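Here's a quick tour for anyone meeting this structure for the first time. Have the sequence and the 3D view open, and follow along one stop at a time.

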Amino acid sequence: MKQIPPVDLTRQHELIEQELATAVLAVLKSGRYIGGTAVTDFEQQFANYIGVSECVGCNSGTDALYLALRALNIGQGDEVITTSFTFIATAEVITRVGAKPVFIDINPDTFNLDLNLIEAAITERTKAIIPVHLFGQPIDMTRLMAIADRHNLYVIEDCAQAIGAEWHNHKVGSIGYIGCFSFFPTKNLGACGDAGALTTNDQNIAVQVRLLREHGLERKSDQKISYRHLVTGLNSRLDALQATILQIKLRYLEQWNQQRTEAAQYYQQILQPLPALKLPKTLLEGKSVWNQYTIRIPDLFNQSELTRDLIRSQLGQMGVISMVYYPLPLHLQPVYQSLGYQKGQLPVCEQAAQEVLSLPLFPGIETEEQQQVAYCLKDCLSFLPNH
Ligand SMILES: *Cc1c(COP(=O)(O)O)cnc(C)c1O
């Protein structure tokens, strides 16, 4: 039986191989590998796509989040509210600027921040909220912005998994104060290496981020380097090769997001007859871009091995490779032990961590492969009692 991977980037690449090869070769021949029009053109195109006036490229999604916090002067003594059910980078940057992450629980249906819990977590030290549009699905930005405005807090959207997702016909990354994007290869718009970007409508923020991403270096024009350094920055540039690749792939993004959506809809249809599985739910006012298709498998036995893990390993033996995003919520991570969170404190995300399973989904996945995934799941479930 053919193995079905969780994601296969080679299929996307085959389609645009010639286009990429020609463009990459041109960059190689140009002798200009950092900065230049490849980067500024991409920044302009991505700003247009998201629907904002400013885009600043940087080295990764993690750096985008870090640069956002730095540009807003968030640091020592400040608190930032975020979700415990996300990739570590979302919280790591809060710690890295010297601020304190305040973790709150999630909505069990969307896996995004539970909006009912935000206000109780706000203190006089709270400066910002970082919502994550997890698995490609936007959080209710109408309610979130209302809460943030009421308490005068910045909203930094972590859009790493939601490139092209929309809330009320506005792209995520254009609704909060700053949007942070990752172009890690497996994101919906992926580079061939590390890359990231920030989006905003505040020109001052863009100026500040440009300064920070290049050692705090004052730049009068692109040609003249002053060697005057105004603030402590870092080296977090987007390079010309990645920017060139991203420009090409951006033209295919809508098409690829559409393919992901169709594949997700097909899963909803063919997995419907398996009542032991809880399928993903979407909000009507939002448009998800399905970076992941994540189901829940509730635990049946209350023994040492979770039902989810049992099924995951059986699927693996049948050639269906699934993933667990994320097995341990951030408030229980060893690195955050000193924050003093206890097991049981954020029960909804702790339960999600035990039940979630992300099935293979990527542009170019074949109908037969999805049918195979459904068939194997059905087979695994048939061994469980009462199903
Ligand atoms: C991928 C990801 C990041 C980090 O992006 P990198 O480019 O890998 O640094 C941040 N937040 C979330 C939710 C992510 O999925």
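How many cavities of 30 Å³ or more does the structure hold? There are two of them. Keep in mind that you're looking at a predicted model.

Start with the largest cavity, which has a volume of about 120 Å³. Its lining is made up of 13 residues. If you want to find the middle of it, look for Phe135, Gln137, Pro280, Lys281 and Trp290, which are the lining residues nearest the centre of the largest cavity.

What sort of residues are these? Sorted by class, the lining of the largest cavity comes out as five nonpolar, six polar and two charged residues.

## The largest pocket

Now move over to the largest pocket, with a volume of about 590 Å³. It has 32 lining residues, and those closest to its centre are Gln161, Phe184, Thr186, Lys187 and Tyr326. Several elements give two or more residues to this lining: the helices α3 and α4, plus the strands β8 (178–182) and β14 (356–359). Helix α3 provides the largest share, at three residues.

By class, the lining of the largest pocket splits into 17 nonpolar, 11 polar and four charged residues.

## The ligand and its neighbours

So where does the ligand sit? You'll find the ligand in the largest pocket. Two elements give two or more residues to the shell around the ligand, namely α3 (61–71) and α4 (89–96). Both of these helices also turned up in the lining of the largest pocket.

The shell around the ligand counts 13 residues, and the ones that come nearest are Gly61, Thr62, Asp158, Ser182 and Lys187. Taken by class, the shell has four nonpolar, seven polar and two charged residues.

## Up close with the ligand

For Gly61, a polar backbone atom is 2.8 Å from a ligand oxygen. Gln161 uses its side chain, with a polar atom there lying 2.8 Å from an oxygen atom of the ligand.

Before you go, check the backbone at Tyr325 and Tyr326, which are joined by a cis peptide bond with omega at about 10°.

You'll find Asn152 in the loop that runs between α6 (141–150) and β5 (154–158).

Conventions. Residues are numbered from 1 along each chain as its sequence is written. This is a predicted model: local features need pLDDT of at least 70, side-chain atom pairs count only at pLDDT 80 or more; totals for chains, interfaces and linings use all residues. Side-chain values use heavy atoms; hydrogens and water are left out. A residue is near a molecule or strand if one of its heavy atoms lies within 4 Å of it. A polar contact is a pair of N or O atoms within 3.5 Å; within protein, one must be able to donate a hydrogen and the other to accept it, and residues adjacent in sequence count only if both atoms are side-chain atoms. On a 1 Å grid over the protein atoms alone, a cavity is a set of points where a 1.4 Å probe fits but cannot get out, and a pocket is an open set with protein on both sides within 12 Å along at least five of seven lines; lining residues have an atom within 4 Å of a point. A molecule sits in a cavity or pocket if more than half of its atoms lie within 2 Å of its grid points. Helices (H or I, at least four residues) and strands (E, at least two) are DSSP runs, numbered from the N terminus. Ala, Val, Leu, Ile, Met, Phe, Trp, Tyr, Cys and Pro count as nonpolar, Asp, Glu, Lys and Arg as charged, and the others, Gly among them, as polar. Grid points are joined across faces, edges and corners, and a volume is the space filled by probe spheres set on the points.
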